[in-house]
Structures are given as structure tokens and as C-alpha cells.
Amino acid sequence: MLEKLTELTESHGALKQGHGLTTGVIALTLAILCFLGVLAFHFPQYLTTPELRKSYDVDVIRKIMFVAMVLAGGMSLVNVLLNRARWLSGSAFLLVALTALLGGSKVPVNDFADHTPYIGLDWFILDLLGSSLIFIFIEKLFALRKDQPVFRPEWQTDFNHFIVNHMVVGFVMLATNLLVHKLFGWAAKDGIQAWVRDLPFVVAVLLIIVVADLVQYWTHRAYHEVPLLWRLHAVHHSSKHMDWMAGSRQHILELIITRTLVLAPIFVLGFSKEVIDTYIVIVGFQAVFNHANVSVRLGPLRYVIVTPNFHHWHHSQDQDALDRNYSAHFAFIDYLFGTAVKSTKLWPERYGVLGDYMPEGFVKQFKFPFVWKG
């Protein structure tokens, strides 16, 4: 059973229909998330994110977890009874049973310390569940490359980046907050912050996105034009397939540097929590959507807003698209600074770094900036 599971996770391509593989994979995925969820209920001080757990209703999470356990258990049991992918479905059913034995969705959460070292297991679970449900559906509905399966080549590497970058969210937040306060605390002025906080909500949201995107633009451009920084950013560009998971491929040092620089003006200008929370939702959606395998251009609006079409060109190996389209939110910034792609083709043909010199695998890509001799 373990050997077949390992073989499945190391493979790629479309799942064969009529063999119970699709429902088996869904059941196993839900079972794994439920098992991780019950661990988070048992050890919230070490496995949940303090800022995030203040934002969600635990009772709602319990209901979602219960439904997921029922779905995973039901699908896996049906497959076992019908003798379809029993090794896969059997694994899912056993994991659901273990989750139930550990208390399932009814594990009581008592008072616990609020300042302990932690990993963002709850952030990983919620983001994976939410992102996969939303963006896999969107990709199937508006697919750019209709023959690209969910489990396309290199999905394992991107998934490993997804796991690590979510689990170390506490470290990243701590590092960026310390750097922002240490390096830019002197620039915060009460008068400016009061003026920003008095702005109408919609105006403040537009302002925070423009400010963040201007910083993002020049930071992103530096990653392409400064050889030392390109060593880090090349990891992000190495994916040869674009989908909702591709944006997760990012070196952790780049993650810290970029977030520190983008958060700096947000901290200095003193935007309200409501405005910052709205910005986080917008940037979170665009970061995933613009990498997705979707055929979206938005007509004339593509000259204003960054779309999947705009950002796909940024990841292209086409000569006329190299070092172009740096913006994350507003495409007009690239047109303003003369770095927008000018091509007669609608979509790029190939993705990845020119020369395909990036090794595959999370560990090798983590080490790449320090060992590459290019």
C-alpha cells in the first residue's frame, strides 16, 4: 500500500477514469487535511497561527471538518466495496478512522499560551482547501491549456514550496515585522498616518494597492536586473507549467525581502487594519489567479489591471517577453515605465527560465542561489 502511494505521489498526468482514482485522491486529500486538523485542535499553541485564529469561527471550522470526514469516509468506503483503487481508498478510510479516534471535530480547545513558537498548520489547511476548490474549478471552466491535467509535471515541487512557505508563516511574519520596524520605524509620522486613516475606505484601498504595487514593481525589476537577486528569483521563474500552484514556487529569502519592502510603506503610512485586511485578500487572490491556467484577458481592462494573460507573459521564454510585465496589480505601471510586453501573439508558447538550468525539487532549488556558478 505504501509503495503504491509513493508511486502515485511521484507520478503526474491525468487520472484514469472509472478506476476510483479521482474519488480516491479526493478522499485521501480530505482525510489528510482532517487528520492535520485534529492535530491542530489538540495542539493549537504550536500548530495554529495567532493572527489567523482570531479571524475564523472555530464552530464553522468544526462543521467543515465534520463534512470533510463524512465525504472522505463515504467516498473511500464506496470505492473499497466496489473494489476500485482499494489501496488508495483504504488508506483514506484508515486515516479518517484515526482522525475520529483522536476526537475528530469535537476535540475541546481549552485555554492555552498565546506566545509560543508555532507553525502555520491551520493556514496551510484552510488555504489548500479553499484555493484548490476555487481555482481548480475555475481552471476547468476557463482552461487556457485544456490538455493540462491537475497533476501536471513538476506539481510535486510546487506543492513542496506551498507546504514549506505556509508552515513557516510565523517565521516570515516575525522576520518581516522586525525588519520593517527596525529599518523604517523612523519614517512613521503621526500626521501622515492620521491623514491616511481619515481617507474614505475605497480610496484607502486603492491607495494601498497602488503604493504596494509601485514598490513591488521596482523590487521585482531589481530581481531581474541585479544578478545576485536573480539567483533567488530564478526559482520562481523555473516552473514550466502555469497553474494555481505555480505561484507558490518562491525562495523563502525572496519571500522575506519582498514582503519587508512592500510592508514598509504600508507600515509608514499607517493604513487601518480593515484596509490592510482587504489588501491581503486582494493580493492573495491575484497572486494565485494570475498564475492560473485560465484564458482570461479582460479586453481593454488588461491595460489597467494585471490579468493571467499579462502575468503569463512575464513567465515566458519568448525573447520579446524577457524582463517585462513586472506589476502585480496594475498593468498601467508597466506601460508607464515602458516595460510592458509588446507581442503580436495572444499567449506565450513556453514558460520557465531561458536555458532551463534550474534543478527540479524543493531542496535543490532552496540551495540553488548559493551554489549556482552561472
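These legends walk through several close-up views of one predicted model.

Since the model is predicted, local features need pLDDT of at least 70 and side-chain atom pairs count only at pLDDT 80 or more, while totals for chains, interfaces and linings use all residues. Residues are numbered from 1 along each chain as its sequence is written, and side-chain values use heavy atoms, with hydrogens and water left out.

**View 1. A look into the second largest pocket, with about 1500 Å³ of space.** A pocket here is an open set of points on a 1 Å grid over the protein atoms alone, where a 1.4 Å probe fits and protein lies on both sides within 12 Å along at least five of seven lines. Grid points are joined across faces, edges and corners, and the volume is the space filled by probe spheres set on them. Which residues lie nearest the centre of this pocket? They are V25, I26, T29, V150 and F151, out of 45 lining residues, where lining means having an atom within 4 Å of a point. Helices α1 (2–9), α2 (21–42), α7 (121–141) and α8 (155–167) each give two or more residues to the lining. Helices here are DSSP runs of H or I with at least four residues, numbered from the N terminus. The largest share, ten residues, comes from α2. By type, the lining has 29 nonpolar, eleven polar and five charged residues. Nonpolar covers Ala, Val, Leu, Ile, Met, Phe, Trp, Tyr, Cys and Pro; charged covers Asp, Glu, Lys and Arg; the others, Gly among them, are polar.

**View 2. E154 and R249 meet in a salt bridge.** To count, a side-chain nitrogen of Lys or Arg must be within 4 Å of a carboxyl oxygen of Asp or Glu; for this pair the N to O distance is 4.0 Å. E154 sits in the loop between α7 and α8 and R249 in the loop between α12 (227–237) and α13 (252–269), so the pair ties together parts that are 95 residues apart in sequence. Are these two buried or exposed? Both E154 and R249 are buried, meaning under 20% relative accessible area with a 1.4 Å probe and protein chains only (exposed is over 50%, partly exposed in between).

View 3. R221 is buried, at 18% relative accessible area. K273 is exposed at 56%, while D277 is partly exposed at 32%.

**View 4. L298 and D323 each have a positive phi.** Most residues other than glycine have a negative phi. L298, not a glycine, has a phi of about 65° and lies in the loop between α14 and α15 (308–314). D323, not a glycine either, has a phi of about 55°, and its place is the loop between α15 and α16 (332–337). L298 is partly exposed at 44%, and D323 is partly exposed at 35%.

**View 5. T219 lies in helix α11.** T219 is buried, at 10% relative accessibility. Leaving out residues up to four places away in sequence, T219 touches T258 and L261, where contact means heavy atoms within 4.5 Å.
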